[in-house]
Amino acid sequence: MIEAVAFGKESDLKRCGGKTYTSDSVTLMTMHGSKGLEFPAVLLYGVRKGMVPLEFKGKNRDADEERRVLYVGMTRAKEELIITTSGDMSEFLERVPDAMLEKETAQQKNSAWNNGRQMSLFDFMS
């Protein structure tokens with residue numbers, strides 16, 4: 001898979017069982033490659049300034065095309081869409097109305113889950 005992704009062969013990756021997805025599987029693809037597909041849950045990782053829209057020094061960007069690609073990725077979710085970001089949020093996410101978002105930070109989530117204490121696989125034994 002790494003070789004296929006490195007050489008830009010998105011959409012050439014084989015999907016197990018065609019377009020049949022099982023609950024015990026994860027499908028990894030680019031937002032470009034997801035066009036026309038839908039999934040119960042979609043995770044878009046790293047939607048931050050410099051990545052979405054993608055910025056290269058000395059290269060022009062097509063903000064409208066980048067916005068369309070993000071829209072394609074977001075609209076693949078049937079039930080749940082999770083978007084992660086770090087640092088500066090993408091300018092595209094700043095335009096999403098706050099009423100449509102549920103924002104949280106990793107620090108907030110850890111505190112809410114476990115009062116900031118490291119979780120253990122063996123908590124059930126104590």
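Helices here are DSSP runs of H or I with at least four residues, strands are runs of E with at least two, and both are numbered from the N terminus. Asp64 counts as partly exposed at 44% relative accessibility, and Arg67 is partly exposed as well, with a relative accessible area of 30%. For these classes, buried means under 20% relative accessible area, exposed means over 50%, and partly exposed is in between, with a 1.4 Å probe and protein chains only.

Before I go on, a word on the model itself, which is predicted, so that local features need pLDDT of at least 70 and side-chain atom pairs count only at pLDDT 80 or more, whereas totals for chains, interfaces and linings use all residues. Residues are numbered from 1 along each chain as its sequence is written, and side-chain values use heavy atoms, with hydrogens and water left out.

Now the overall layout. The protein chain has 3 helices and 2 strands, and from the N terminus on these elements run α-β-α-β-α. Of its 126 residues, 17% count as buried. The chain exposes about 10600 Å², of which carbon and sulfur atoms supply 54%; the accessible areas come from the Shrake-Rupley method with a 1.4 Å probe, and for residues only the protein chains shown count as cover. If we take contacts, meaning heavy atoms within 4.5 Å, between residues at least 6 apart in sequence, then 64% of them join residues at least 24 apart.

Let me return to the charged pairs. Side chains of opposite charge can pair when their charged atoms come close. By the rule I gave, the count comes to 5 salt bridges. One of them joins the side chains of Arg61 and Glu55, at 3.4 Å, N to O; Arg61 is partly exposed at 36% relative accessibility, and Glu55 is partly exposed with a relative accessible area of 39%. Another pairs the side chains of Asp98 and Lys103 at 3.7 Å, N to O, and here both Asp98 and Lys103 are exposed. Salt bridges that share partners also join Glu55, Arg61 and Glu91 into one network.

Next, the two serines, which I would like to take in turn. Ser34 is found in the loop between helix 1 (2-6) and strand 1 (39-44), and at 4% relative accessibility Ser34 counts as buried. A polar atom of the Ser34 side chain lies 2.8 Å from the backbone oxygen of Met31. Leaving aside residues up to four places away in sequence, Ser34 touches Met29, Val72, Gly73 and Arg76.

Ser90 lies in the loop between strand 2 and helix 3, and counts as buried at 0% relative accessibility. The backbone oxygen of Val52 lies 2.5 Å from a polar atom of the side chain of Ser90. Again not counting residues up to four places away in sequence, Ser90 touches Val47, Arg48, Lys49, Val52 and Pro53.

That brings us to the peptide bond from Val52 to Pro53, which is cis, with omega near 5°. As background, most peptide bonds are trans. Pro53 itself lies in the loop between strand 1 and helix 2.

Leu43, Tyr45 and Ile82 make a nonpolar surface patch of about 370 Å²; patches are made of residues with over 30% relative accessible area and no salt bridge, with like charges joined within 9 Å and nonpolar side chains (Val, Leu, Ile, Met, Phe, Trp, Tyr) within 5 Å. Thr105, in turn, is found in the loop between strand 2 (77-83) and helix 3 (106-114), and is partly exposed with a relative accessible area of 42%. From C-alpha to C-alpha, Thr105 and Ser86 are 9.5 Å apart in space, while they are 19 residues apart in sequence.

Definitions and conventions
Salt bridge = Lys/Arg side-chain N within 4 Å of Asp/Glu carboxyl O. Polar contact = N/O pair within 3.5 Å; in protein donor to acceptor, adjacent residues only side chain to side chain.
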